[in-house]
Amino acid sequence: MTPLAFYSSRSGNTARLIDRLGLGGTPLPPVGDPPRMDAPFVLVTPTYADGEGRGAVPKPVIRFLNHAPTRALLRGVIACGNRNFGETFALAGDVIARKCGVPVLARVELAGTETDIIRIRAGLSHLFADLEAPCSIPA
């Protein structure tokens, strides 16, 4: 199993980030029952905030995290967004981190830069090396 779960909006930026990381991932469907995780994982999510910051976490992500056994395996969040939205940039990561007691591992604009990809892969490799997870991050 991959250590990543992700939701991607119609823009496809989060899915492109996942593709560029080359690690695979468990996609969250826009409707219906979300998948269940059975090993430690990192969540990758876009931000859907209005101008006041309301609604930052997409509903499919909320449904996914409402399952307590899955939520208990969450080890961190990578938040995607667009810097054009100012203070609400990648706000979903902060909301999830605060509510679930996990760190924001990265904030990425759109589908990320090459530097983002290198930084995220290195961080995930370090994080999962310290956990007894049935997965590995290739170098």
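Which residues have the most contacts inside the largest nonpolar core? They are F41, L43, V61, F64, L65, L74 and I96, in a core of 20 residues. A nonpolar core here is a set of buried Ala, Val, Leu, Ile, Met, Phe, Trp, Tyr and Cys residues joined through side-chain atoms within 4.5 Å, and buried means under 20% relative accessible area, with exposed over 50% and partly exposed in between (1.4 Å probe, protein chains only). The model is a predicted one, so to speak of local features takes a pLDDT of at least 70, and side-chain atom pairs count only at pLDDT 80 or more, while totals for chains, interfaces and linings use all residues. Residues are numbered from 1 along each chain as its sequence is written, and side-chain values use heavy atoms, with hydrogens and water left out.

Back to that core: β3 (41-45), α2 (59-65), β4 (74-81) and α4 (91-100) each supply at least two of its residues, and α4 gives the most, with 5. Helices (H or I, at least four residues) and strands (E, at least two) are DSSP runs, numbered from the N terminus. Another core, of 16 residues, lies apart from this one, with F6, L17, L21 and I120 among them.

Helix α4 has L91, A92, G93, V95, I96 and A97 as its buried residues. Their cover includes β3, α2, β4 and β5 (104-109); contact means heavy atoms within 4.5 Å. Just after α4, G101 takes a positive phi of about 70°.

Now for the charged pairs. The whole structure holds 4 salt bridges, each being a side-chain nitrogen of Lys or Arg within 4 Å of a carboxyl oxygen of Asp or Glu. One of them joins R83 and E109, with the closest N and O atoms 3.7 Å apart. R83 sits in the loop between β4 and α4 and E109 in strand β5, so this pair ties together parts that are 26 residues apart in sequence. E109 is partly exposed, at 29% relative accessible area.

R107 and D94 also meet through their side chains in a salt bridge, at 2.4 Å from N to O. R107 counts as partly exposed at 37%, and so does D94 at 28%.

R119 and D116 form a salt bridge too, their closest N and O atoms being 2.6 Å apart. Both belong to helix α5 (residues 114-129), and because they are 3 residues apart, about one helical turn separates them. R119 is partly exposed at 40%, whereas D116 is buried at 11%.
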